[in-house]
Amino acid sequence: MSEVFRSGALALACAVMVAGCSGRATLEPNQQSGGDPPLPTARNFLVPPMQVPEGVGWKQGQTPQVAPGLQIEKIADGLMHPRQLYLLPNGDVLVAEANSPGTEPVTTPKQLIAGKVKTASGKGARGGNRITLLRRNGSAPGMWEKHVFIENLNSPFGIQLLGDWLYVANTDAIVRFPYVSGVTRITAPGVEFADLPGTLNHHWTKALLASPDGGKLYVGVGSNSNITENGLDVEYRRANVLEVDVASGGSRIYASGLRNPTGLQWEPQSGRLWTIVNERDEIGPDLVPDYLTSVQEGGFYGWPYSYFGQHLDRRVMPQRPDLVKKAIKPDYALGSHVAPLGLLICDSSALPGKYRSGAFISEHGSWDRSPLSGYRVTHVAFEQGKPVGVPEPIVTGFHSRDEKQLYGAPVGLVLDREGALLIADDVGDAVWRVSAATH
């Protein structure tokens, strides 16, 4: 990288800091939640204002804060960017440890600055490229057993067990491993089952969910850009939910126009597929709301040509009014730039009454919004198979009150065998367990 490029990037970094003082949001995330969020006029930035606290991790004895009636404990630490969690039938919990594979080239000052900001936040360090198994020893509080389960993966994210095979979504392919209940390590090499879009990897995570009958696997594949600035060629089969046939390994696009679908779940009452989506950046701190939505087979959800239904993004060229006309409005906004990365929809848990059913959502946190948004785990109530009300924070305190220090950032969510909520903490390199308070 040339010195001219570096000096230009440093100058732009200074401009970003100045711009951050005047680019403050006017809406709270909860004000932009629900089915009809306010959408202010889009703004144009050469480089968007950036604000990310410095990653410092958790001090000894420090924990996130929980809502009244809940308690929290750490059950694992010393991990390398824990991302997704998966509960095995015997009660063991798998933790995918990963980060970006670093295959996206840095070609603009904005990318360089954003990369430095992410590194300073603690979100940019190298991931473990492995899966760790956690096993509870009895029912007493405290740390669980920790075993290295599978190594030498390629930025793994989604995990699913079907029969005697464990499927893992690497960033470039689904691989599968033979699984025997109770084992604490798999040494057999993974067999590639289905390829996935794996060039550049601007968005590298691949969410994975099996159909109820085990015949299909659904994969969330994010875009390779903000709004196709890297060209349409690198967006092949991206910004989609893919459906993979388990019998043959063949795949098709199930739904499209979803910029970065990072979590997939079945809603138990309706049986419908739902996802969380990270929307586009660089048009203001109050645009565009990330969202939770049901996924219609064959549906188109707007990216890159429009957002939250048919709101035109005039930056995208060439325009596609034919596709905008078909764009489906998402079911439920979560607020702008909260960065949802974990989704758990359930109809039963061991948490207090109002948390026993609905959607738990982990918000990894904003990087281009002031004040910060996200950095919390929320609960969205469902009625008759649809979200209602506003997101209710249940786990917070992942950053300091002055927004200068970052202790952790939540990602994957799962209920353990006793119905407690487990949370993968990416920046804190830990797993937390939230249960009903006992005092």
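Two strands pair if DSSP finds at least two bridges between them; strands themselves (E, at least two residues) and helices (H or I, at least four) are DSSP runs, numbered from the N terminus. This is a predicted model, in which local features need pLDDT of at least 70, side-chain atom pairs count only at pLDDT 80 or more, and totals for chains, interfaces and linings use all residues. Residues are numbered from 1 along each chain as its sequence is written, and side-chain values use heavy atoms, with hydrogens and water left out.

**View 1. An open sheet of four strands.** The strands run in the order E5-E6-E7-E8, with antiparallel pairing. Strand E5 (82–87) and strand E8 (145–150) are at the edges with a single partner strand each, so one side of each has no neighbour in the sheet. From one strand to the next, the twist averages 30 degrees (axes are lines fitted to C-alpha atoms, and angles run from 0 to 180 degrees between N-to-C directions).

**View 2. Where E7 meets E8.** Five bridges join strand E7 (residues 130–135) to E8 in the antiparallel sense. Look for Arg-135, whose bridge partner in E8 is Glu-145.

View 3. Ser-33 belongs to strand E1 (residues 33–34). With 12% relative accessibility, Ser-33 counts as buried (under 20% relative accessible area; exposed is over 50%, partly exposed in between, with a 1.4 Å probe and protein chains only). The Ser-33 side chain reaches the backbone oxygen of Asn-30 at 2.7 Å. Leaving aside neighbours within four places in sequence, Ser-33 is in contact (heavy atoms within 4.5 Å) with Tyr-332, Ala-333, Val-390 and Pro-391.

Terms used: A polar contact is a pair of N or O atoms within 3.5 Å; within protein, one must be able to donate a hydrogen and the other to accept it, and residues adjacent in sequence count only if both atoms are side-chain atoms.
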